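Here is a short report for a reader new to this structure. Look over the sequence and the model first, then read on.

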Amino acid sequence: MAKYKIVQDHELCIGCGTCVSLCPKNWQMGDDGKASPKKTEVDDLGCNQEAAENCPVQCIKIVKK
């Protein structure tokens, strides 16, 4: 079972691509020009934590399950 949940407020996303550049294995740009996670539940935070910390609008939150 996954240990962490990645929660993103998609409406706040400005499509800067910081999360995608820091964590391309779990973040992607959508057709709407905004980023979204490929998986919302993960066992290891890895680069997702860095993506959350560096998001300029702080729309990414990591929740421990």
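## The sheet

Strand β1 covers residues 4-8 and runs antiparallel to β4, with two bridges joining them. In one of these pairings, Y4 has V42 of β4 as its bridge partner. This is a predicted model.

The sheet is open and has three strands, in the order β4-β1-β5, with antiparallel pairing. The edges belong to β4 (41-42) and β5 (60-64). Each has a single partner strand, so one side of each is left without a neighbour in the sheet. Helix α2, residues 47-54, packs on this sheet. The helix touches β1, β4 and β5, and its direction makes about 135 degrees with that of β5.

## The nonpolar core

Which residues touch the most other members of the largest nonpolar core? They are C19, W27, A35, A51 and I60, in a core of 14 residues. Two helices, α1 (18-22) and α2, each supply at least two residues of this core. The largest share comes from α2, with three residues.

Take C19 as an example. Beyond its neighbours within four places in sequence, C19 is in contact with P24, W27, A35, A51 and I60.

## The disulfide

How many disulfides does a search of the whole structure find? There is one. It joins C23 to C47, with an S to S distance of 2.0 Å. The link of C23 and C47 is right-handed, with 55 degrees about the S-S bond. This pair links distant parts of the chain, 24 residues apart. C23 lies in the loop between α1 and β2 (27-29), while C47 lies in helix α2.

Are these two cysteines buried or exposed? C23 has 0% relative accessibility, so C23 counts as buried. C47 has a relative accessible area of 16%, so C47 is buried as well.

C13 is buried, because its relative accessible area is 10%, under the 20% cut-off.

C59 is in no disulfide either. The nearest cysteine sulfur to C59 is that of C55, 3.7 Å away. A disulfide needs the sulfur atoms within 2.5 Å. C59 has 4% relative accessibility, so C59 counts as buried.

Key:
Residues numbered from 1 in each chain as written. Predicted model: local features only at pLDDT ≥ 70, side-chain atom pairs only at ≥ 80, totals over all residues. Heavy atoms only, no water. Pairing = 2+ DSSP bridges. Helix = DSSP H or I, 4+ residues; strand = E, 2+ residues; numbered from the N terminus. Contact = heavy atoms within 4.5 Å. Axes fitted to C-alpha atoms, helices over the stretch in contact; angles between N-to-C directions. Core = buried A, V, L, I, M, F, W, Y, C linked by side-chain atoms within 4.5 Å. Buried < 20%, exposed > 50% of the residue type's maximum accessible area, 1.4 Å probe, protein only.
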